[in-house]
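Please find below my notes on the two-chain model that you passed on for review. The points are numbered so that each can be checked separately against the coordinates.

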Amino acid sequence: MPEGDGRNMKSLDFILRRLAKAFFVVIGVVILNFLLIQLAPGDPAAVMAGDAGAGDAEYLAQLRAQFGLDKPLPVQLWNYLSGVLTGDLGYSYRNQLPVLDLIMDRLPATLLLTGCALVFSLVFGILFGVIAAWRRGGVLDSTIMFGALLFYATPLFWTALMAVLLFSIKLGWLPPFDMETIGANLTGWARVKDIAWHLVLPVVTLGLFFTAIYTRLTRASMLEVMGQDFIKTARAKGVPKGRIIRRHALRNAFLPIFTFASLQAGQLVGGAVLTETVFAWPGIGRLMFDALLSRDYPVLLGVFLITAAMVVLVNLIADLLYRFVDPRIEQGA
Amino acid sequence: MLQRIRSACAVAMAVALSVTPLSAQETPQPGGALNMIVQPEPPILMVGLNTQGPTLYAGGQIYQSLLTYGKDLEPLPLLAKSWDVSEDGLTYTFTLQDNVKWHDGQPMTADDVVFTGDKFLREAHPRWRLIANTYVESITAPDPQTVVFKLSKPFSAFIYSFELSSFPIIPKHIYEGTDYRTNPANQNPIGTGPFMLKEWKRGQYIHLVKNPDYWKPGLPYLDELYFRVIPDSASRAIAFEQGTVDILRGGDVEGFEVRRLTGMPDVENSVEGWEMYSPVVFLEMNLKTPPFEKKEVRQAVMHVLDRNFIVQTIMFGIGQPADGPFAATTKYHTDDVPQYPYDIEKAKELIAASGVNPGDYTIRLMGLPYGSQWDRLAEYVKQQLEQLGFNITIQAVDPGGWSQAMSDFNFDLAFNFTYQYGDPAQGVARHYLSSNIVKGTPYGNNVSYENPAVDQLFAEAASSTDPDEVAAKYAEVQQILVDDVAMAWLFDMQNVTLWRPKVRNLIRTGIGLNESMDEVWISK
């Protein structure tokens, strides 16, 4: 058998095994979430009776029967799991819509926000980290590291409010909230520009914390690599400094950054509740929070499921990509 | 012989006179869009299935009820143009408006009203179901314009059962024979109101547009309504300041923001438009839990809580100290009741007289999960009760946890507030009737108060057809309840509405912004 085929088979075997594991992890998470949610006081029927301003045992029983809450817990779990396996995430009686519809309606907004924040923080984090390492001990290094420490330590909601105060209210440069201009009925390119404009503040706010982390991570990693012998050799050979940083140091320093980025990517779905709240961003974080308050179990479980699946998927992809980032890593070994 | 006859003309005249003088002198200008905030985002807009504030606010533009109520709580025509009450108080006959159509073009008739009261709400609406099962013998439609409610026994507050949150008219042709909760029309509501749902982008906005076939000729004035979803309180204040929204409703922003925003130029404000609801905030003391079964201890609690301080400092001056179970704006309220002025020494004397050693008790105090003012209130009550020697633990809960604990009577002390719906029999008696010591709702007799005299007085007042007799019974019941301190009533809640002066004729009735905004207009 040619060597290449052997490696491909090994990769395929690796992917299949990881997928099988991922499947069981997700199912495990679903079961755990289902059981954990039962521990919270209150159920959707009690909350809905409360909303209605009155209620009696008969009314509560009627609601519970409609939600399927009157059945024994194992039966409820079995019904839910069977639904999940056939792609049915249940029905939100509160919103009176299928859970999958509710989630798919909100998922794009969250992915747009968190995806842009990921790219923003990676680009600027690496850039500032490299500059700080390059100018180690200088004014630029100190300034960058001070900024990184500041944004690492600042609570997100405070950054968000201050950003709104400065850029929206004082300067009037950027919209303070919403995903697009409501009532403008824009289409095509004008709408894309409008959304991009509304994205700036939430993306920067959400991205600043991670930018700070990437900056510190990149700087530390770069400094470690730049002290190694092969860098000294390259310098001795007269390779220009910029080339050393780009081709030699950064590539070798990238592994911890990549690892952290894959962790951040796992939070693409559920990691922006605060930002979505302050900026009235119509994402999944708000859906989850509202569902929690109203004990809308099917919606909560659906969001948890999608979040867990995202974490598992991103981890899988990251594991596969490690070999490209650092070919010394042999998967499945 | 008819006891009361209301003619549409007379009442329409009364409504016209009740509007602000400025707008009365001006000619309404049609057109324009009104921007508001709906907070929190309602799960649905179908007011027959969800009667939360946000649902009523947006859904009230889509659905309508038979009657509405003035700021003085007088019933006013809406989908019913007139009504008669028989002298024995057992027959209510409503005549419907002409040419009312559902948003899908079908005519709205008396059959829809019968379906609403007899089928839909009896199944899905716990408050109506209680009234219907207790009092309503039959609902019939002798002709397409007439509906007759026959009661099994007189109910003096029955006329207050026809407000939007209690009796929204539901289209029979859409809901009959279906599962009400999963009917697709819940997502595309069909009502008779001045506005129709155009688009709902969940998490962003609800967009309503003018109903071109609205039954009031020439109305509504406005073309569009936007109910925007802005989850953060500070962002909502910014939205109003920047002119993104034209109206802030009570509860949209925190109390300290209300004070700041009312001081801004070009901002109108009013506490009117809540008379029908008149929420009273109270501290429920579980009478099944020692030491609150002792009257002296409850009286001591009243004396140790400075209700003026609560209103002025914690609630930023928004509200009125309460003197009893009836809000000052609810019918039959009297202030001729025992008084409990702020007096710590008196409170200590009462505790001593009760024989209770406060140090023996660790008491749970359940806060309300609605923001910082409620947290401060819980901290204040804890601090005051600790002055009497009690050990108090504040329980932080979310709305689901609060609902469950209240419904199961699993609390020692808990804050609550409820709407009074115009008449004590609708919104007050439920907290004190021994027959209402029923688990399953946070809004019943959750403290387990039992007093046969109170039961009898409430029953007699509810079944009397003589207004003077009703007033006397309610005066007596207030005196007993306040003497007993069935609860510690803290304050009558006020909700401040803020709006830009260009918005005219905004608050016209006792249900305020839940009212159909058909006569609201924007000055250009």
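**Notes on the model**

1. In chain B, strand 12 and strand 20 (residues 497-499) run antiparallel and are joined by two bridges, and B:I247 has B:W499 of strand 20 as its bridge partner. Helices (H or I, at least four residues) and strands (E, at least two) are DSSP runs numbered from the N terminus, and two strands are taken to pair if DSSP finds at least two bridges between them. This is a predicted model, in which local features need pLDDT of at least 70 and side-chain atom pairs count only at pLDDT 80 or more, while totals for chains, interfaces and linings use all residues. Residues are numbered from 1 along each chain as its sequence is written, and chains are lettered from A and ligands numbered from 1 in the order in which they are written.

2. As background, strands of a sheet pair through backbone hydrogen bonds, either parallel or antiparallel.

3. Strand 19 (residues 488-492) of chain B deserves a separate look, because five of its five residues are buried and it is therefore largely enclosed by the rest of the structure. A residue counts as buried if 20 or more other C-beta atoms lie within 10 Å of its own, as exposed if 12 or fewer do, and as partly exposed in between, with C-beta atoms placed from the backbone. Strand 14 of chain B is joined to strand 19 by four bridges, and the two run antiparallel; here B:L283 has B:A488 as its bridge partner. Strand 15 (residues 320-321) of chain B also runs antiparallel to strand 19, through two bridges, with B:Q320 partnered by B:D492.

4. Which residues of helix 7 of chain B are buried? They are B:S235, B:R236, B:A237, B:I238, B:A239 and B:F240. These buried residues pack against elements of both chains, namely helix 7 (156-170) and helix 11 (273-278) of chain A, and strand 2 (33-37), strand 12, helix 8 (255-262) and strand 20 of chain B. After helix 7 of chain B comes B:G243, with a positive phi near 85°.

5. The contact between the chains takes 43 residues from chain A and 45 residues from chain B, where two residues are in contact if their C-beta atoms, placed from the backbone, lie within 7 Å. On the side of chain B that touches chain A, the elements giving two or more residues are helix 5 (126-135), strand 11 (224-228), helix 7 (233-241) and helix 13 (399-407). Helix 13 of chain B supplies the largest share of that side, seven residues. By class, the side of chain B that touches chain A holds 19 nonpolar, 17 polar and nine charged residues, with Ala, Val, Leu, Ile, Met, Phe, Trp, Tyr, Cys and Pro counted as nonpolar, Asp, Glu, Lys and Arg as charged, and the others, Gly among them, as polar.

6. Chain A has 13 helices and two strands, and buried residues make up 38% of its 333 residues. Within chain A, helix 9 (residues 229-237) and helix 10 (residues 241-266) pack at an angle of about 150° with their axes 11 Å apart. Axes here are lines fitted to C-alpha atoms, for helices over the stretch in contact, and angles run from 0 to 180 degrees between N-to-C directions. In helix 9 of chain A, the residues A:F230, A:I231, A:A234 and A:R235 meet A:I244, A:H248 and A:A249 in helix 10 of chain A. By class, this contact of helix 9 with helix 10 has five nonpolar, one polar and one charged residues.

7. The peptide bond joining B:L219 and B:P220 is cis, with omega about 0°, and B:P220 is in the loop between strand 10 (205-210) and strand 11 of chain B. A cis peptide bond also runs from B:P290 to B:P291, with omega near 10°. B:S278, although not a glycine, has a positive phi of about 35°, and B:S278 counts as buried, with 25 C-beta neighbours inside 10 Å.
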